[in-house]
Number of protein chains: 2
Amino acid sequence: MYNFTFQNTTKIYFGENQLEHLGDELKQYGTRVLLTYGGGSIKKIGLYDKVMDELKSAGLTVFELSGIEPNPRHTTVNKGADICKKEKIDVLLAVGGGSTIDCTKFIAATAFYEGDSWDLVTQKAPITKALPVFSVLTLSATGSEMDSGGVISNMDTNEKYGFLHPLLQPKVSFLDPTNTYSVSAFQTACGGADIMSHVFDIFYFTKYPKMDMIDRVMEDVIKTVIKYAPVAVKEPTNYEARANLMWAASWALNGFLQTGGFQAASCHNMEHELSAYYDITHGLGLAILTPRWMEYILDETTAPQFKKFGINVFGVDASLSDMEGAKKAISSLSEFLFDTLGLQRTLTEIGIDERHFKAMAKNACGGDVMHGYKSLTPEDVENIYRMCL
Amino acid sequence: MYNFTFQNTTKIYFGENQLEHLGDELKQYGTRVLLTYGGGSIKKIGLYDKVMDELKSAGLTVFELSGIEPNPRHTTVNKGADICKKEKIDVLLAVGGGSTIDCTKFIAATAFYEGDSWDLVTQKAPITKALPVFSVLTLSATGSEMDSGGVISNMDTNEKYGFLHPLLQPKVSFLDPTNTYSVSAFQTACGGADIMSHVFDIFYFTKYPKMDMIDRVMEDVIKTVIKYAPVAVKEPTNYEARANLMWAASWALNGFLQTGGFQAASCHNMEHELSAYYDITHGLGLAILTPRWMEYILDETTAPQFKKFGINVFGVDASLSDMEGAKKAISSLSEFLFDTLGLQRTLTEIGIDERHFKAMAKNACGGDVMHGYKSLTPEDVENIYRMCL
């Protein structure tokens, strides 16, 4: 295993009716709040009103930025940062899923930058300061509520980038599983695929050493998704299922499962190109890519780890050969994603063809070689994209 | 499951040669450092010199308090607090195991209190402020390096109390597994028993609902101890074993495994009386008590959970009846603690007889009833103590 540092300072309020603490927590950071959200689903479920009631009864001055996209744009970040500068915002409150929170994090940083947010996203300019960010989570998927990262898209250039910075870590996040009751079966399934993929990519499937305890916990997070995502798809108001998924999402990417490991995130790199070009749901792209990536890199060096995954997570027969066990593991994963969760199986089904594969593959590899469980050239990535058709 | 809040702000440096960050981290809190440690083992292993080199090259002014006891005394806390007041200490650096860190936490709080530290320990007076605490850990056991609690003994009154307070949370802890290479086989085994017991007591064995994902992770931490404590006992310089135990100890009690649960800590309450009266190693007392407590409370309501523990952790045959499976789980645990780890099996073997059982049982129950997995009266606790003879 590798040396590491670990710190995660976010305060979590988990469960129903915890919003009563929102006002007091926010007031520690100031009085002028920018409330950010997406397409308005938070109004439909009554969450907008609940949040506004808390903010008003705490005597806070509220500004709003709505319409944050599912793959949030740098132009929206710029718009939010302008409001922060003009209205002298003290603290940001993101109410939504990972996209809303990611966007809000970069607004928080761009509020102190005189220029385009894209400079910060692409690390042309450093993040030196950021407003405090709060979140009220409505989707169990990205883990943004408890990590220091964010991913932003530039639709002018078909680019999508993200990175971690300690100043982007939310101060306080409110995780109420009932706020995810209205999430559709499709988005619930995509969220499950996203959580699993975070574990796979960072750092369950790896050629590098890892810590045994962490390896076990990674399998637990995956098993939690396998148990509860199908329940939540079928019974959207099942509290146990929604709660387990919500907490699993936060822990998949909050740093704990990354302790002692080291890896590049192959499927995430490949998927970000799909979303950048086609604006698809991140979790769906990951679901389509992951089993094909596993198939593509399957050989005698990767088979034992894929087989172990199959045994521990899907109960694959341990007496199979490494190669047979690995194949069974991959087919079990496909079955779970495409049959049990009902996600689309191919890029073709979601209207994506090969026309941009070459450019996407080159970008995914940063123009050179993508280092991961197996190193992949742009040709390799193109082949994997083709397997998804 | 229950609503909860979770926050753990401690920054962890994990691995070898991380002490080079010590000076820079300390300097953020001031220049006058009180270095605290125990009986001097840190000098034998060369850690004292390494720490002093870092402190000196950072230009810090260092004061020292040595001789902190394995069950730290309130009188030692007072001594440390006097140094803080007199020397205008800015920050405390505990180098040692849980006892040294616990003591240092209460020194940090007593530095701002005009009176006896016992008032703070017994919560007669509130903790209102505390100096920042750092730790360099040398024993994998209590989790004090990453939690906000501490336990202090008053040998005049045979009392031992502890509690959690956010101001006692360490700012930064250095976890280098090689600093535990010299820990004896006995102390390594006791540490393993302590880690397991934290999970059992808080909150694996419980009558209250818990979160499924957390339940799985609790079993992982226990399995980590079962796998690696025997390795570390036999091969004290096995890095993997020491590292897994170290990280398991921190996570057993840092709040994560407590999310969504609720329970009183029966074995800990009973053991604190043993240590308060006889100054024995906490983990040893827990090891002797735990299987007897399980036997004592075994009935048709507790058997299914004990059996599940046996199946998931020790591979007990799932086809056994609940009662048979539970008995097998308890005997597997005994075998692990007393045969595999080689810990003493009875209180008699460590020179404890029944003379104080009545008083200890009354104290353990706070004079009334101890609420836990099963509620226990002082008579029940006395019976459990007798089973340990």
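Before selecting anything, one definition: two strands count as paired if DSSP finds at least two bridges between them. Keep in mind, too, that this is a predicted model.

Start inside chain A. Select strand β2 (residues 32-36) and strand β4 (residues 91-96) of chain A: they run parallel, joined by 4 bridges. For one of the pairs, pick Leu34(A), whose bridge partner in β4(A) is Leu92(A).

Now bring up the strands of both chains. What order do the strands of the open sheet follow? Across its 12 strands you read β3(A)-β2(A)-β4(A)-β5(A)-β8(A)-β1(A)-β1(B)-β8(B)-β5(B)-β4(B)-β2(B)-β3(B), and the pairing is mixed. The edge strands are β3 (61-65) of chain A and β3 (61-65) of chain B, each pairing on one side only. From one strand to the next, the twist averages 25°.

Next, select helix α5 (residues 98-110) of chain B. This helix packs on the sheet and touches β2 (32-36), β4 (91-96) and β5 (133-137) of chain B. Its direction makes about 165° with that of β4(B).

Move to where the chains meet. β1(A) and strand β1 (residues 4-14) of chain B run antiparallel, with 7 bridges joining them. Zoom in on Phe14(A), and opposite you'll find Phe4(B) in β1(B).

Finally, show the whole contact: 28 residues from chain A and 30 residues from chain B. On the chain A side, β1 (4-14), α8 (212-234) and α9 (239-252) each give two or more residues.

Note on methods: Residues numbered from 1 in each chain as written. Chains lettered and ligands numbered in written order. Predicted model: local features only at pLDDT ≥ 70, side-chain atom pairs only at ≥ 80, totals over all residues. Contact = placed C-beta atoms within 7 Å. Axes fitted to C-alpha atoms, helices over the stretch in contact; angles between N-to-C directions.
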